[in-house]
There are 2 protein chains.
Amino acid sequence: MKVEEKGARSEGNQLLARIPADLADPLFAHLEPVDLPQGLVIEQPGEVIEHVYFPTGGVISVVAMTPDGDAQIEAGLIGREGMSGSMVALGTDRSPHQTTVQIGGTGHRMAAARLREMMREEVLRKRLLRYCHALSVQTAHTALANAKLKLDARLARWLLMCHDRLGCDEVPLTHDFLSIMLGVRRAGVTVSLHILEGQGLVRATRGLIRINDRAGLERMAGGCYGVPEAEYARLLAA
Amino acid sequence: MKVEEKGARSEGNQLLARIPADLADPLFAHLEPVDLPQGLVIEQPGEVIEHVYFPTGGVISVVAMTPDGDAQIEAGLIGREGMSGSMVALGTDRSPHQTTVQIGGTGHRMAAARLREMMREEVLRKRLLRYCHALSVQTAHTALANAKLKLDARLARWLLMCHDRLGCDEVPLTHDFLSIMLGVRRAGVTVSLHILEGQGLVRATRGLIRINDRAGLERMAGGCYGVPEAEYARLLAA
DNA sequence: TTCTCTGTGTGCGAGTTCGCACGGAACAAT
DNA sequence: ATTGTTCCGTGCGAACTCGCACACAGAGAA
């Protein structure tokens, strides 16, 4: 019974996996399973972060925005490989970003204060800080992609990142949502999706995109996909 | 004598300032003053980082690139408010980014191994980790600017960030250099600079840009400047 | 069934940046 | 003074995205 529990809880989130048993027990004692419905706002800019979330499914996204909110863009994508609230691990209790659930799923959460306590454990601290690095590499390459890639390629990259985190070929998202994440027009997403479809890389139906050809998408993303993923694998792979 | 030394060394770099005396002494024992000539490559993608640098003048920039190097963009700007090699503080000895000296200056450096030891000190660790957070906020807003701003505004933002770090109204850079950082054509930079000049915000001569009107530049940058700076001030201001 | 809302497909003019290419101007070295 | 190099100004067609606007379709509610 105990073993099953443990297997289940540690398989879900890859950051929490590979934690030695003696540390895992107190750690999981502070974790609370939660549902992560699409649209849930996890962090608001400037507001104190009460909980950090370790998804086991679905996708969370960190959105950078101007203070007035009239410009916004996705700066980080988080799934079962990571956690929300990485800035808590870095020693602050808030950030200027907004964090929301992009694709509904499940996960565990922990009070930010508990996490701060648990960070005294070197094993956990090392692991979470390395994740912070991996996340910032991801953000840097998003900046690169935003500056240098055409919409098709950015879309391909985004779908790949989502695909990694979902572990499933079906991404339940509307063009509208994608346009906000990529910071472009909704119509532009429609057209770019047609291009991907035309090459047989994906298949889009109402509110759902099915990934058909990962390798093709990677080619389309032209070198801007892969670096953050490799960095994560190097530092945190199971 | 001792006092002067200490004053000089702690004033130069803002991250190293405000360190309690008992910690500062061992810390500074491991620091070595260095010259930072323009063009110096501080970190190469994938190569082990031997030293971290704490500038006291000049500007260092972190460049994200594709593995083949055919697309690159500045993902982070570092001056006397920060340090290079933040990933060492996060527990890894390399990164996929390239780090070079943008504008020549001076600074101190420390062996990465020494920094890892010194990070056991909570005061220093806290401070450096907070800086990592501030830097990642900067990167996120670079991603935002790259996606949503026109070239004029991005240029304005970049000049502001440089101005902050130089503490001097003269930025010694060529259009060519700027074009690489911003990931655009050199000719585009020329045109955008004319726009800024036309509004009396800057004055450009051969290889040198003089900042005339900060407030005007901030207006031009349209809300994408300021958030990372405020976050730094909140967490690390002297 | 019918209505209504959300999601998707499409078209068109305008603005921005690109890629390329060339002329001129300032500076350094000889 | 001349030469070579770097840096800056400019022009033009192509490509991409924008902003707006409208039509259609699937899904759920009445």
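1. Between domain 1 and domain 2 of chain A, in what is a predicted model, the count of salt bridges is one. A salt bridge joins the side chains of Glu81(A) and Arg165(A), with a nitrogen-to-oxygen distance of 3.2 Å. Across this interface of domain 1 and domain 2 of chain A there are also six residue pairs in polar contact, both partners being at pLDDT 80 or more.

2. Sorted by class, the side of domain 1 of chain A that touches domain 2 of chain A holds seven nonpolar, nine polar and three charged residues.

3. The division of chain A behind these points assigns 2-145 to domain 1 and 150-221 to domain 2. The centres of domain 1 and domain 2 of chain A, taken over C-alpha atoms, are separated by 24 Å, and the contact draws 19 residues from domain 1 and 17 residues from domain 2 of chain A.

4. In terms of area, domain 1 and domain 2 of chain A bury about 1500 Å² between them, and carbon and sulfur atoms account for 60% of it. On the domain 1 side, the residues that lose the most area to domain 2 of chain A are Leu77(A), Gln102(A) and Ile103(A), which together make up 32% of what that side buries.

5. Turning to the contact between the chains, 43 residues of chain A meet 43 residues of chain B. The area buried between chain A and chain B is about 3200 Å², with 70% of it given by carbon and sulfur atoms. Within chain A, the most area is lost to chain B by Leu90(A), His133(A) and Leu144(A), together 16% of what that side buries.

6. Which polar and charged pairings are counted between chain A and chain B? The count of salt bridges between the two chains is zero, whereas nine residue pairs are in polar contact, both at pLDDT 80 or more. The side of chain A that touches chain B receives two or more residues from each of strand S4 (59-65), strand S5 (72-78), helix H3 (86-89), helix H5 (122-148) and helix H10 (227-236) of chain A. H5(A) gives the most to this side, with 16 residues, and the residues of the side of chain A that touches chain B divide into 20 nonpolar, 15 polar and eight charged.

Conventions. Residues numbered from 1 in each chain as written. Chains lettered and ligands numbered in written order. Heavy atoms only, no water. Contact = heavy atoms within 4.5 Å. Buried area = accessible area lost by both parts, 1.4 Å probe. Salt bridge = Lys/Arg side-chain N within 4 Å of Asp/Glu carboxyl O. Polar contact = N/O pair within 3.5 Å; in protein donor to acceptor, adjacent residues only side chain to side chain. Helix = DSSP H or I, 4+ residues; strand = E, 2+ residues; numbered from the N terminus. Nonpolar A, V, L, I, M, F, W, Y, C, P; charged D, E, K, R; others polar. Domains from an automatic or database assignment.
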